[in-house]
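Open the model in your viewer and keep the selection tool at hand. The stops below tell you what to pick next and what you will find there.

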Amino acid sequence: MEILRFAHIILRDFVVHKVVVRKIATGAWTLSVNPGRSACLNGSLQLDRNISRSTFSVEPSVKESTALIYRCHGEPSQVVTLETLKLPPLRSTSVLVKMLAAPINPSDINMIQGTYAILPDLPAVGGNEGVGQVIEVGIEVKTIKVGDWVIPRDAGLGMWQTAVVLSADDLVTVPSDIPVLSAATLGVNPCTALRMLSDFEDLKPGDTVIQNAANSAVGQAVIQIAAAKGVQTVNVVRDRPNLQKLTDGLKAMGATCVITEETLRRPEMKEIFKSYPRPKLALNGVGGKSATELLRHLQSGGTMVTYGGMAKQPVTVPVSALIFKNVKIRGFWVTQWKRDHKHDDEALHSMLEELCTLIRTGKLSSPACTQVGMLDFHKALHSAMKPYTSMKQVLVM
Ligand SMILES: NC(=O)c1ccc[n+]([C@@H]2O[C@H](COP(=O)([O-])OP(=O)(O)OC[C@H]3O[C@@H](n4cnc5c(N)ncnc54)[C@H](OP(=O)(O)O)[C@@H]3O)[C@@H](O)[C@H]2O)c1
């Protein structure tokens with residue numbers, strides 16, 4: 001038994017080394033030496049782990065994918081490498097997708113660091129969202145056709161690669177008449193913004209929502225979707241040298257007012273709420289003191305929804321907010337929403353259609369993006385983790 005296990009490990013490692021040698025031999029790029037690698041799993045990537053088994057399988061027309069892979073958890077600059085992978089066979093229920101664009105989101109970074117709520121088996125391809133075009137479909141696939149644009153239905157499927165074979169059930173079609181950057185960034189942040197604005201409080205035109213991290217991709221979607229519904233937004237951002245430029249940009253998107261974290265703590269906030277009603281809903285993507293301050297401005301019986309924890313600090317709720325204002329403290333995770341609605345395609349499609357209608361009518365644009373080629377992934381990962389940029393890094397394939 002031990003001998004068999006040992007033989008399996010040798011075989012596994014041989015597969016990986018073969019890929020590395022071939023890659024170096026082709027000279028297409030240099031394999032970055034990974035200092036943390038000795039502690040990493042040296043196994044081969046099981047690319048078809050999400051594809052349901054069926055007897056039918058053919059060689060896909062694209063044989064290889066260039067992918068950003070991590071073999072162990074750690075700092076992205078240390079553990080992510082660019083590698084060539086052999087694509088698995090195309091089964092009757094699977095589709096071959098040529099990836100077009102995929103963003104680098106905080107959840108992708110957290111997954112690589114090993115601090116996210118769900119972690120794929122290692123080694124893994126990075127990237128939870130992105131858009132691709134279908135170039136081949138298995139014979140049993142009825143819901144997706146060649147030429148369709150698709151986005152992943154769930155997190156952890158590995159979108160940072162040039163081509164991927166996935167089960168049709170893991171993909172959702174999106175209209176191809178929207179900009180590619182909107183499609184690539186549609187499935188997570190705008191969906192989160194729309195659900196949070198729809199599912200917690202009955203917001204009417206003229207009502208107010210307060211949010212922190214207002215310049216994040218979620219925050220920008222909140223501003224635009226709220227404005228389309230006639231809902232006012234009080235937007236909290238961190239102070240920075242180019243604050244006026246950021247404020248102007250968010251106001252052009254429809255922000256009612258933009259304030260800094262420091263202003264949020266000052267008495268002059270009372271003046272702001274002479275012009276607008278106190279918020280029914282607070283959206284917290286930061287945590288720590290920022291979340292506590294949002295709570296102070298909620299109206300009685302209002303709701304604070306926490307969806308992110310960028311400050312990596314717990315949320316403290318003042319006793320008075322619970323006793324005298326009876327605020328509701330809730331959380332939201334779009335991945336769970338999608339899983340809960342796995343068998344309700346109508347809910348998912350109508351949400352995506354509502355967002356695409358806003359995109360087509362110019363009411364919802366993608367976050368400000370920097371498009372980066374796969375070869376420049378180190379630069380893209382570095383920029384994605386830099387504060388005060390208000391810029392989403394998007395890998396283009
Ligand atoms: N629960 C869900 O379903 C769900 C869905 C989507 C996203 N999220 C979460 O939402 C958050 C935002 O995601 P995103 O893709 O919109 O992010 P993003 O576009 O990359 O923007 C990051 C935001 O976080 C702010 N930030 C970073 N570090 C901070 C700190 N220490 N204190 C305060 N603010 C800080 C940045 O502000 P500066 O410009 O000042 O640096 C920026 O506004 C992340 O935590 C993400 O995981 C959750």
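Select arginine 265. In this predicted model, arginine 265 counts as partly exposed because its relative accessibility is 42%, between the 20% and 50% cut-offs. Is glutamate 261 buried or exposed? Glutamate 261 has a relative accessibility of 9%, so glutamate 261 counts as buried.

The whole structure holds 16 salt bridges. Pick lysine 280 and aspartate 207 next. Their closest N and O atoms are 2.9 Å apart, and the pair forms a salt bridge. This pair links distant parts of the chain, 73 residues apart. Lysine 280 sits in the loop between helix H9 (269–275) and strand E14 (281–284). Aspartate 207 sits in the loop between helix H5 (189–199) and strand E11 (208–211). Both residues are buried.

Move to lysine 229 and glutamate 354. Here too is a salt bridge, with the closest N and O atoms 3.5 Å apart. How many residues apart are lysine 229 and glutamate 354? They are 125 residues apart, and the pair links distant parts of the chain. Lysine 229 lies in the loop between helix H6 (217–228) and strand E12 (232–237), while glutamate 354 belongs to helix H13. Lysine 229 is partly exposed, with a relative accessible area of 34%. Glutamate 354, at 37% relative accessibility, also counts as partly exposed.

One more selection on this theme: Asp177, Glu353 and Arg360. Salt bridges link these three in a network.

Alanine 368 is partly exposed, with a relative accessible area of 36%. Which residues does alanine 368 contact, leaving aside its neighbours within four places in sequence? Those contacts are Gln220, Ser390, Met391 and Lys392. Draw a distance from alanine 368 to serine 390, C-alpha to C-alpha: it reads 7.1 Å. In sequence, these two are 22 residues apart.

**An open sheet**

Switch to a cartoon view. Select strands E3, E2 and E6. In that order they form an open sheet of three strands, with antiparallel pairing. Strand E3 (80–86) and strand E6 (124–125) each have a single partner strand, so one side of each is left without a neighbour in the sheet. Strand E2 (residues 64–70) pairs with E3 over seven bridges, in the antiparallel sense. Pick isoleucine 69 to see one of the bridge partners: threonine 81, in E3. Helix H14 lies across E2 and E3, and runs at about 130° to E3.

**A nonpolar patch**

Select Val319, Leu322, Ile323, Phe324 and Ile329. Together they make a nonpolar surface patch of about 530 Å². Which helix gives the largest share of the nonpolar patch? Helix H11 (residues 319–323) does, with three residues. Valine 319 is in helix H11. Its relative accessibility is 58%, so valine 319 counts as exposed.

**Zoom out**

Clear the selection and view the whole protein. The protein has 14 helices and 18 strands. Of its 397 residues, 51% are buried. The protein exposes about 18,300 Å², and carbon and sulfur atoms supply 57% of that. Among contacts between residues at least 6 apart in sequence, 73% join residues at least 24 apart.

Methods. Residues are numbered from 1 along each chain as its sequence is written. This is a predicted model: local features need pLDDT of at least 70, side-chain atom pairs count only at pLDDT 80 or more; totals for chains, interfaces and linings use all residues. Side-chain values use heavy atoms; hydrogens and water are left out. Patches are made of residues with over 30% relative accessible area and no salt bridge: like charges are joined within 9 Å, nonpolar side chains (Val, Leu, Ile, Met, Phe, Trp, Tyr) within 5 Å. Accessible areas come from the Shrake-Rupley method with a 1.4 Å probe; for residues, only the protein chains shown count as cover. A salt bridge is a side-chain nitrogen of Lys or Arg within 4 Å of a carboxyl oxygen of Asp or Glu. Helices (H or I, at least four residues) and strands (E, at least two) are DSSP runs, numbered from the N terminus. Buried means under 20% relative accessible area, exposed over 50%, partly exposed in between (1.4 Å probe, protein chains only). Two strands pair if DSSP finds at least two bridges between them. Contact means heavy atoms within 4.5 Å. Axes are lines fitted to C-alpha atoms, for helices over the stretch in contact, and angles run from 0 to 180 degrees between N-to-C directions.
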